[in-house]
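Please look over the sequence and the structure shown here before reading on. The paragraphs below lead through them step by step.

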Amino acid sequence: MQFACKSASMRYSGFKVFLEGLRGQSGWKPVWRDPEPKQEYDVIIIGGGGHGLSTAYYLARNHGITNVAVLEKGYLGGGNVGRNTTIVRANYFLPGNSEFYSHSLKLWEGLEADLNYNVMHSQRGLINLFHSDGQRDAFARRGNAMINQGDDAILLDREGVRRHLPYLDFDNARFPVYGGLFHPRGGTARHDAVAWGYARGADQRGVDLIQQCEVTGIDIENGRVTGVQTTRGAIRAKKVAMVVAGRSSEVAAMAGMRLPIESHVLQAFVTEGLKPCIDHVVSFGMGHFYISQSDKGGLVFGGDIDFYASYAQRGNLPMKEHVMEAGMALMPMIGQARVLRSWGGIMDMSPDGSPIIDKTHIEGLTLNCGWCYGGFKAVPASGFATAHLVATGELHETAAGFRLDRFETGRGLMDEEGTGAQHNLH
Amino acid sequence: MRLTCPHCGDRDLREFTYKGDALALLRPDETANPQEWVDYVHNRDNPAGTTSELWYHGPCGSWLVAVRDTTTHVTHRTLSLAEAGK
Amino acid sequence: MRVAGRGLIDRDRPIRFSFDGKPIEAFDGDTVASALLANDVALMGRSFKYHRPRGVVTAGSDEPNALISVGPGIDIAPNTQATMQEVYDGLIARSQNRWPSLKFDAMAINDLFSPFLAAGFYYKTFMWPRAFWEALYEPIIRRAAGLGALSGAPDPDRSEKAYAHCDVLVVGAGPSGLMAAEAAAEAGADVILATEENRVGGRLLSERETIDGESGDVWADARVARLAARGNVRVMTRTTVTGAYDNGTYGALERVALHVTPGEGPPPTCFWRITAGRAILAAGALERSIAFPMNDRPGIMSAAAIRTYLHRYGVSPGQRIAVFGNNDDAHRTAADLTEAGIKVAALIDTREDATTSGDWPFYPGADVIETQGRLRLEGITIRKPGGGTLRIGADALAVSGGWNPAVHLTCHMNGRPVWNEDIAAFVPRENAVPGLIPCGAANGVFSSRACLEDGIRAASDALTALGRKSSFVALPEADDTPYRLSPKWVVEAPGRSWLDLQNDVTTKDVTLAAKENFRSVEHMKRYTTQGMATDQGKGSNVTALALLADATGRTIADTGTTTFRPPYTPVAISSMGAGHSGKGFAPERFTTSHAASVKAGAPMIEAGLWYRPSYFPEPGEATWREACDREVRMVRERVGVADVSTLGKIDIQGPDAGAFLDFVYTNTFSTLKEGRVRYGLMLREDGHVMDDGTTARLGANHYLMTTTTAAAGPVMAHLEFVAQGLRPDLNVRLVSATEQWAQFAVAGPKAQAVLDTLVDEDVTDADWPFMSCRDVHVSGVPGRLFRISFSGERGYELAVPARYGASLWRLLLAQAESFGGGAYGMEALNVLRIEKGFITHAEIHGRTTAFDIGMQGMMSRKKEFIGKALAARQGLLDPSRERLVGLRPKDPQNEMTAGGFLFERGAAPTRANAQGYTTSVCYSPTLETPLALGFVKSGPDRLGEDMRFVDHLRGLDFAVELTHPVAFDEEGGRMRG
């Protein structure tokens, strides 16, 4: 279902770009408004990151709910959606995750047309390398699960990997490449554009995007949410959704909740621009290292979290070096590439490494959190499912596994890494 | 980053392994109700600020509690588990 | 052109290198940039987006334009700043991002289309048709983008990494850094003085000023010679401190040998991790430009850089140089040029009230509004205060827009700098990085005298913080002229005014971003790519910020700034990842039988950090399977030996050792009799299986636990945590003994006969029932013998101190061979255990419970143990969970694979229909059929059921039967013997 746009919108196209070129770029309109917060909304979404913005967008687009405010304490898209390694994939294998990420990838594939915004979703193919028989078996299970789900996967042997990635160290590696799981529909997208595209789409449909507005309290009366307190005053709402991965524990605490979340720092890196040299997304099976090359030419790569709790959005040298070391081990041809910038994001680490999209014990209050370091690819389906939950009160079928009570019941745990309930090990 | 092992002194982060909130030391009694157990294993205060954490100093095998700020990474103090238990 | 009699270059040491194939004459002490300017090469690169001709702008590590690839051969370093690359004989420099040549670049056509390629244009187009993005648009964009190219060959990985410790780290060796280092050293502190330059002196090398009556370089060299002689100061030149991290740790890149002809000598770079009690940031300041129309032509440079080229390299970038500025440094530049005999075409000062004492055409209150020249500057047009314009011929233009303190390191912990209206620049926020003390120009202090003084002050602060007393240090005589500037960011005039020269960001891009409501400085940066080039906007960010502030009606302070993040200057992956290519990535652990196994031709495979033999090929065997089948039969029929030393061995002693084990294992060990062994199952606190293995009771207070190879480390840490944190009431001590013992499995009907020949004691069945253990002697050597089996055959494991491992292996092998047996490898070991339904981490993969693997009976009801509470969660005991089963194909020709899925017969192979999956597979030569272990919903209740096995990836689809996991000798009679 698609509802008509509420506010006047400006369509983007090659023709429009051409026309504005002739007019000296004089005709472009603000990509979103900067409204003052109203006194009351039907729905308040706390968090103007990827997930919050997509939730707002799908509330309007799928459910016709447009009396919505997105409250962002900083600037739109300033959290993890703007500081990740931009990988988009649907290569999960456990029920609950499989259907969700499969749905997300389908949404990605139609996102540009849907948003009328080029998020540069590039399905260049993702290859997960394996380095032992045991890893091969685990990836075989993953690949078969992907095909069971209707997605794509190809098991490459060593020679198959060599055809795609001739620059890997095939001769002298400490952990030789045995093969890889190839996910042709996997790839990357331009992260900021995703936030901006959803923001613009939501704004065009009448959603108020309110920046520099930090939520300081959640109002609850008789077990029911009634609004929020913010740095720009109190705002009433019939429903409130907490979509603040990275800060989930702090915001949930305002509603008296204690979450199964621990915050950790994940670093990422980009090199100076280089002529094309890596055409895929490549993931090392032995060294927590993944890499792709941006359209601008920078090698974008990352590794594991720093392993200690942190809200600092920055990491330390040991993990930085470890990531570079893994790069040298896997593909020593990148040795002369220079790292230009490194940064860190705050990861909502959950006990099974999978997210939570669920109602809470407080009526009208919805929770979306626990994306660990896999939140970027989930942005479309997460917003889709959260909007569905907020609008209908029912879990969406593609996200029915992300229940908060699974840790209590032990049912439907989705521990893809198999490392158990220690938050930082996922 | 550096941490102080109660036995070995000031050491580089590379020598340590993080486990999580020091509440892991407060293991419920066998008779505790299931909710207490679920809480113990899964739920965390996870403050943006000062917290107590468990770390393992691999070279000497000591576990320790670090009282550390998660926003500034300043470690206020570290204690051996024997000290922490007091 | 070279200026006679100037510069710190060694004119007696000529050097030849090449640029784009053309030979270039230089002198020792030159950079590529100074040498090119000396040879009148103004054009050094092309910009990123529009491929516009660009020349060098700076003389330092903030250079955005003059990026070259430095060769030769496989070591090509793309995007190297010509301003930082010192020349050496044979250096090969190439320009980048142009085709076919630097002078004629076909991609420069982009510039013609620039009206259509404004900030963020790509977000608004290229959306249709959908398939064209990957097929057409993206490849074109990727090819056009990027700057230099990697060679494609593996890096030789010759760089190194090192650690250093000091009381005081001084970053920068200009006047403030030198004084700080001296003051700290005088007080007895251990000091590291690091500068990214190849010599000390900093800005003093670039000016005519004197310190204590000496020229800057002479003064600096003398100071540093005295410091170096002290013994407590380490001077590190060519060393850039790249990042500030927690608790006084800093990353620093030393360019050890990038300035000499590549060879087998010292490593190219060394990446230092420096731990400092305190650090002093004396990194100076970076001159910024002014945005005016067509301010990007080759020949338009920073005024400070022009002085550097003149005084340090004896080079002038032109013969008629115009100077444009908003502060007194413009006048200093004009004076220096004139003094050196270079014609100053004009001095244009944006300040209407400015005066001059020099003999040059002077235009106060004027602006540069246009420039001429294609591949290098030919002239400029200025607009006089009255409004009239004037064209002035010039082959270079020196621009000074003021100075930005190099605050970067102070921002590495997210501390934002503070706007200082007096100097119209950001200065460090106090205590932004704990323990990092800014001083001198980096702290917004600009005269030489003030910098010297501030260096002493910073050292005093550092010493106080370290609890040391300061010593008196005399303040040298130096210039103390105040810094006067009137902010001028942008010249309002028609035409394109460039901000980020590398990324081709113009002032219009910034105002367009503001117009489209990308008002946040972060939005503006990301939308326009301002400051995202290789120089990270060192010279242009503040100007862009001022423009954004103006366009959005805010002050600069309110607009804020983006965050500077590490590294300060780019660091090669081969530097921070040094030494880890190839086998250097991780340590290699070898068993005592390793050499013998390699000699026997066994392929060695990685098992964690260990290597283990895959199989031991015999002549005539064409495939691994033939060897494996033979080894399995050998064990089942005669005897085999295998090295099992990689399994973790944890020695557990103390009066409460039994109680401790009861707590960490699901089953009971306190009741185990001395001399007996028991299989144990260990859970995580969340109720899932952590590890398994056998534990032997060697004495009343002495146990030896065996872990799986992979879990040895984590289990040790876990046990220590339990002992120290959860059960400090128990008197128990743990020590890892994995590497102290070599341990070999001897399995098969003839195992006892083999042991009889080697073990000094009699190994009778009466003394050695199944699951017994005891100390023994092996040819006189004290050892341990365990009667345990992972093969299902009569089996023993014989352990000796590791130093006897190699010889025991040799003896065991010889004895086994005399009984018709031999060595068996991991493949056979795997088949033997699958036939017996024994599990490994393929089955206990972190998501399975004791219930899932059919071991719920091992979870004692009588005692507390780790994981007990959460293992009782309903969801973990649901009979419909995927539980362990055996599998066998209906047609023995069909071999299963691990990772395949199981469905009900006739059901479509979809996620919704999946009933389970396979984890371990083998061909059983014993039973002459393929076998598998796997997990199936309600599996144990469905034995005998036929299912559909599908492996989409390998194209397999056939019927299998669910069986009991133990396929061979279910009663275990063979191993109990």
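This is a predicted model: local features need pLDDT of at least 70, side-chain atom pairs count only at pLDDT 80 or more; totals for chains, interfaces and linings use all residues.

Residues are numbered from 1 along each chain as its sequence is written, and chains are lettered from A and ligands numbered from 1 in the order in which they are written.

Chain C is assigned domain 1 (1-153), domain 2 (160-286 + 405-465), domain 3 (291-400), domain 4 (594-646 + 740-833), domain 5 (649-736) and domain 6 (879-977), with bounds that come from an automatic or database domain assignment. Between the C-alpha centres of domain 3 and domain 6 of chain C the distance is 82 Å.

Where chain A meets chain C, 90 residues of chain A are in contact with 93 residues of chain C, contact meaning that the C-beta atoms of two residues, placed from the backbone, lie within 7 Å. Helix 5 of chain A supplies the largest share of chain A's side, ten residues; helices (H or I, at least four residues) and strands (E, at least two) are DSSP runs, numbered from the N terminus.

Strand 16 of chain A also pairs with strand 31 (residues 571-572) of chain C, in the antiparallel sense and over two bridges, pairing being counted if DSSP finds at least two bridges between two strands. Within this pairing, R338(A) has A572(C) as its bridge partner.

The contact between chain C and chain B takes 18 residues from each of these chains. On the side of chain C, helix 17 gives the most, with six residues.
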